[in-house]
Amino acid sequence: ASGARGTEPQGDLVFRWSELVKQLYFNAQNDEPLPLTSEFEVITELALRDNQTMVGRRRVAVYLRPGDDDFERAKRRAVLLTDFELAASGFRLDGTDSVPQMQHV
């Protein structure tokens, strides 16, 4: 999840993962599939700052599909990147129950 961005999240534990997503669209009135799809990748990185705080970032990379006019020109590279800073606090890692609150910052 690194790139030409600011500082790397710092902490004792850093978690990085990515998800490939393909969305299919349907007509709400008859559940028929529409000829629309979108493909994107969500790349997330979280770092534990202390026992109650995580910080990180998320990048969403959008790709063209084969039916798009500029698909060949894009050469399977992302055509749109959106970045988010993340923060979660209010939870404990000592075995007690709590609900983390994740927010875009």
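This is a predicted model: local features need pLDDT of at least 70, side-chain atom pairs count only at pLDDT 80 or more; totals for chains, interfaces and linings use all residues.

Biologist: Where is Ser-38 found?
Modeller: You'll find Ser-38 in strand β2.

Biologist: And which residues does Ser-38 touch?
Modeller: Leaving out residues up to four places away in sequence, Ser-38 touches Val-21, Lys-22, Gln-23 and Tyr-25. With Tyr-25 there is also a polar contact of 3.3 Å between the two side chains.

Biologist: Nice. New topic: what volume does the largest pocket have?
Modeller: The volume of the largest pocket is about 180 Å³.

Biologist: Which residues lie nearest its centre?
Modeller: Those are Glu-39, Tyr-63, Leu-64, Phe-71 and Arg-76, out of 13 residues that line the largest pocket.

Biologist: What classes of residue make up that lining?
Modeller: Eight of the lining residues are nonpolar and five are charged, with no polar ones.

Biologist: Which element gives the most to the lining?
Modeller: That's β1, with three residues. At least two lining residues come from each of β1 (13–26), β2 (33–50) and α1 (71–74).

Biologist: You mentioned Arg-76. Where is Arg-76 found?
Modeller: Arg-76 sits in the loop between α1 and β4. Lys-75 has its place in the loop between α1 and β4 (80–89) too.

Biologist: Are those two buried or exposed?
Modeller: Lys-75 counts as exposed because its relative accessibility is 61%, and the cut-off for exposed is over 50%. Arg-76 counts as exposed as well, at 70% relative accessibility.

Biologist: What is phi for Lys-75 and Arg-76?
Modeller: Phi is near 50 degrees for Lys-75 and near 65 degrees for Arg-76. Both values are positive, in residues other than glycine. As background, most residues other than glycine have a negative phi.

Biologist: Last one: what is the mean pLDDT of the chain?
Modeller: The mean is 79, and 74% of the residues reach 70 or more. Over residues 1–6, though, the pLDDT is below 50. That stretch has 15 contacts in the model beyond near neighbours in sequence.

Note on methods
Residues are numbered from 1 along each chain as its sequence is written. Side-chain values use heavy atoms; hydrogens and water are left out. On a 1 Å grid over the protein atoms alone, a cavity is a set of points where a 1.4 Å probe fits but cannot get out, and a pocket is an open set with protein on both sides within 12 Å along at least five of seven lines; lining residues have an atom within 4 Å of a point. Grid points are joined across faces, edges and corners, and a volume is the space filled by probe spheres set on the points. Helices (H or I, at least four residues) and strands (E, at least two) are DSSP runs, numbered from the N terminus. Ala, Val, Leu, Ile, Met, Phe, Trp, Tyr, Cys and Pro count as nonpolar, Asp, Glu, Lys and Arg as charged, and the others, Gly among them, as polar. pLDDT is the predictor's confidence in each residue, from 0 to 100. Contact means heavy atoms within 4.5 Å. Buried means under 20% relative accessible area, exposed over 50%, partly exposed in between (1.4 Å probe, protein chains only). A polar contact is a pair of N or O atoms within 3.5 Å; within protein, one must be able to donate a hydrogen and the other to accept it, and residues adjacent in sequence count only if both atoms are side-chain atoms.
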